[in-house]
Amino acid sequence: MTLDIAKVALPVPLDKTFDYLIKPNTYPVIGGRVRVPFGRQHLIGIVVALSDQSDFPRAQLKPLGAVIDSETLWSPALFGLLKWASQYYQYPLGDTLANAMPALLRKGREASPTALKSWALTEAGRNQPLISLKRAPRQVQVLTVLQQGTTSHEALLAQEVSSATLKTLSEKGWIEEKIEQPKQNDWLKHFEVTEEKPRLNEEQALAIATVNCNPDYGCYLLEGVTGSGKTEVYLNLLEPILAAGKQALILVPEIGLTPQTINRFKRRFNVPLETIHSGLNDTERLSAWLAGRDNQAGIIIGTRSALFTPFANLGIIIVDEEHDASYKQQDSLRYHARDIAVLRANKENIPVVLGSATPALESLHNAKTGKYHHLTLTQRAGVAQKARHGVLDIKGLYLESGLSAPLIAQMRKHLQAGNQVILFLNRRGFSPAIMCHECGWLADCQRCDIHYTFHQQTGELRCHHCGGQRPIMPQCGDCGSTQLIPVGVGTEQLEQQLATLFPEYKAVRIDRDSTRRKGSLENYLEAIKNNEYQILIGTQMLAKGHHFPNVTLVALIDVDSALFSNDFRASERLAQLFIQVAGRAGRASKPGEVMLQTHHPDHALLQDLLHKGYDSFAATALNERKQAWLPPYTYLALMRAESNDNDQVLQFLQQVRNTFEASPRFNQDVCIMGPNPAPLARRAGRYRWQLLLQAPDRKTLQQLLCIAKPMVQLLPLAKKVRWSIDVEPQDLT
Ligand code: ADP
Ligand code: ZN
Ligand code: ZN
C-alpha cells in the first residue's frame, strides 16, 4: 500500500478537500503547503491527509505541484484546533487555514527567517571614479551610499534603488553581496527579572499560588476591579513560566495594545517580546509568527488574531479584558478568541487566565458551575478611592443637546476645580435623524430601512449601515417645507453644544469619525494626558484600557437606550461600561464621580448595579437569561440571509427551517425562531432576514449544523441569496 494521494485544503469557499496524485520523489507533509493546479489557476493549499484511496479513478486526478514545506506549519495540537474551529464555526477548512497564516506564507514565502542580504563595495568599486558614471545616476547613488559602509538590501530598496541597478553593479564586479544568517536568540540563558517587584497583597498571592500549583490545563477567571493589580498577577504568573524556558501568549482587546501595556512586560523581563495587531505589515507579521514558532520570542502580546500563532513551547495563555466584544470576529471565521483560547490551553495542557473587572456573563456562569476556577481581587492596589455615583432622573427635564441642567451644573463644578470631564454617548454624528418641522417627514436612506444620520461638519446625510451619503436636501421630501430640524443627539452635536455652554474649556470628540487617521487616537490620548482638553466626548472606544487621572466626572448621557434595547446583551454592555469608567475615574487625592441620566431610575438592573455592584447585577441578569432561555443557558446560531428579492430570502430561510426540522438531531429541546426580518430589515438595497437556532448544548448545536449545512448548500436558492452562519453570535443585527 502506497500513500499516493494527498488530500489538500484549498482557500476556496467549499466544505471539502481535493485529491491530488503524489509524484515519486516528492514528499508532502500533513500540515505543510503545496502548490496545486486548480481549474486554470495554481493555488497554494495545505495537505490535511495522505491516503491510498480516492473517490475518483487515478486517471482523473491531477498530480501535485511543488511541495513548499518539508515540515508541518502547525503542531498537532494547533492544527487540530484549527480543524475544530473550522467545523464549529461552520467555515471551510481551506479558508480557515489560509486565514491563520501570515499573508506572505499564503503567497508561498518560505516559512523560515530570511537571511539578511546586504551589499558592500569591492576593491574595484572603491577605485572607480564616479565622474565616469555621469549618465548612470542610480549607480552613482549606490556607490556613494556604500562608501559609507555595508548597507542592507532592504535599505537600498527603500532609497528607490532597483534590484536591476544592483545586479548591473555586481556584474561589473564593483559591489558584492554579503549574506548574514539570522541570529539565534537564546534568551533563556540570560533570563532575568529586571525590575523591583511590589509586595503582593494576600489576594494576589493566593491567585498566583492557585494557578502556579498546577502546570497542567486549568481555566482561571481572575475577577478584579480596575487597579486591583491584575496585570501585576499576570507578571508574576509569567515569571516561573519564562524561567523554565516556556513562552507566554497575552491577548488584549483591539484598542488595549498600548505602549504602556507593552512596556510593563518589557520592564519586568529581559525577554524578547513581539506584538501582533492589525497595524503590522506583511513582513512584520511573518517575523512575529516565526518568532513564536522558533522560540525567538518569550512573550507575544496581541489582539484576537494572535491566538493562532504557533509556539515552540507555550506555557500559559492570558486573556485580558476577557469580556471585550472585539474578541469575537464578525466575518469569515466567526470565532470567539476567548473561547478558542480556553480550548487551545486545554489541547496544549497549560493554564489559561481570563482577567476582567467585569467578566462576561458566560464566564461568570462557567465559574459558578465549577468549569473555571474563580479568583477575585477586591482591593485596589495603591491608594485609589472608589468613585461615587449618582442617578439623574431626567423625566420631564429640559435637555440641552441631551444634557440636563443638573448635569451641566455638576460639570461646571468639576471643570472649575481644574479637572477633566468625560461624557459617554454611543452615537456618532450630529443627530440620528433629520425631520420636517411642518409635517414630520423623516429623511431615510433609500437603500436601507433606516433614517439618515446628519453630519453637520460635512453637511452630509450618511447612512451608518450601508455607508451611503448625500448632501442634505434643501426641502422636505413630502411637503416641500424648508424647515428641516435635527432629531436626537449625536457626539458631533454634543461637541457643538459644549462650545456654547463652556466656551472657556476645550472639548475633544473621540469616536470612529474623529480617529479615522492612523495615529490620531494616540495623539488625542497624549493631548488629554497633557490637559490640553478639559471635556472628553466619547463613544465606547474611550472606555477601554485608558486611565485618565485628572478625570473626576464621568457621565453616561443616554442609559435608557441600553436598558430598552432589543439586543439581550445591551444591559450587560452598559453595566460593563459603567464599572469600567467608574474604575478609571479619579485618583487618591481627587475621588471620581459617575452620573447616569435616565428616565427610569428605578429600573431593577440599574438599582442592582448601583447599589450592590457588578456581581449582583450579573446574578440578576443571569437569572433573567435563564428564564428567557438565552445564553449562557442555551447556545445560539444565527443564520443571516439577504437578497434584492425579498420573497427569495424568505423562501430560502423557510426551506432552511424545514431542513433543520427534518434532521435526525432535531428534538423538542431545540428551538428555531423565524424566519424573521433582521433588526435592520433592509441594507444597501438588500432585504435581510434571519433564522435563530437555539440548542441546549454546544454538541447538539454543532451536530444540527453539521448535518443540515450540506443539505442547505444543495438548495437551489442557496446560490441565489447571500447567506452565512454565525455560531454563538455576539451581535444579533
Ligand atoms: P489592573 O491590571 O487590575 O488594572 P494593575 O496591575 O495595573 O491593575 O495595578 C494598578 C497599579 O497598582 C499599578 O500601578 C501597579 O504597579 C500597582 N500595584 C499592583 N499590585 C501592587 C502591589 N501588590 N503593591 C503595590 N502596588 C501594586
Ligand atoms: Zn443605507
Ligand atoms: Zn414636510
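Author: Helices (H or I, at least four residues) and strands (E, at least two) are DSSP runs, numbered from the N terminus. Residues are numbered from 1 along each chain as its sequence is written, while chains are lettered from A and ligands numbered from 1 in the order in which they are written. This is a predicted model, where local features need pLDDT of at least 70, side-chain atom pairs count only at pLDDT 80 or more, and totals for chains, interfaces and linings use all residues; side-chain values use heavy atoms, with hydrogens and water left out.

Reader: Where does Asn25 lie?

Author: Asn25 lies in the loop between strand E2 (18–21) and strand E3 (33–38). Its phi is positive, about 65°, although Asn25 is not a glycine. Most residues other than glycine have a negative phi.

Reader: Is Gln90 buried or exposed, and what makes it so?

Author: Gln90 has 10% relative accessibility, so Gln90 counts as buried. Gln90 sits in the loop between helix H1 (76–88) and helix H2 (93–99). Gln90 also has a positive phi, about 55°, without being a glycine.

Reader: What makes the site of the zinc ion (ligand 3) tetrahedral?

Author: Start with the donors, which are N, O and S atoms within 2.8 Å of the metal (3.2 Å for Na, K and Ca); water is not among the atoms, so sites may look incomplete. Here the SG atoms of Cys436, Cys439, Cys476 and Cys479 coordinate the zinc ion (ligand 3) at 2.3 Å. Four donors count as tetrahedral if all angles lie between 85 and 135 degrees. The angles among the 4 donor atoms are 106 to 114°, so the site is tetrahedral. In sequence, the donor residues are spaced C-x2-C-x36-C-x2-C.

Reader: Which residues are the closest around ligand 1?

Author: The closest are Arg199, Gln204, Lys230, Thr231 and Arg264, among 15 residues that surround ligand 1. A residue is near a molecule if one of its heavy atoms lies within 4 Å of it. Helix H9 (residues 230–243) gives the most to this shell, with 3 residues.

Reader: How do you know that Arg264 makes a polar contact with ligand 1?

Author: A polar contact is a pair of N or O atoms within 3.5 Å; within protein, one must be able to donate a hydrogen and the other to accept it, and residues adjacent in sequence count only if both atoms are side-chain atoms. A side-chain N or O atom of Arg264 is 2.6 Å from an oxygen atom of ligand 1, so the pair qualifies. For Lys230, a backbone N or O atom lies 2.8 Å from an oxygen atom of ligand 1.

Reader: Which residues does a cis peptide bond join?

Author: One such bond joins Pro631 and Pro632, with omega about 5°. Another joins Gly674 and Pro675, also with omega about 5°. Most peptide bonds are trans. Pro632 is found in the loop between helix H20 (614–627) and strand E30 (635–643), whereas Pro675 is in strand E31 (residues 671–683).

Terms used. Tetrahedral: all angles 85-135°; square planar, octahedral: opposite > 155°, others 65-115°. Buried < 20%, exposed > 50% of the residue type's maximum accessible area, 1.4 Å probe, protein only.
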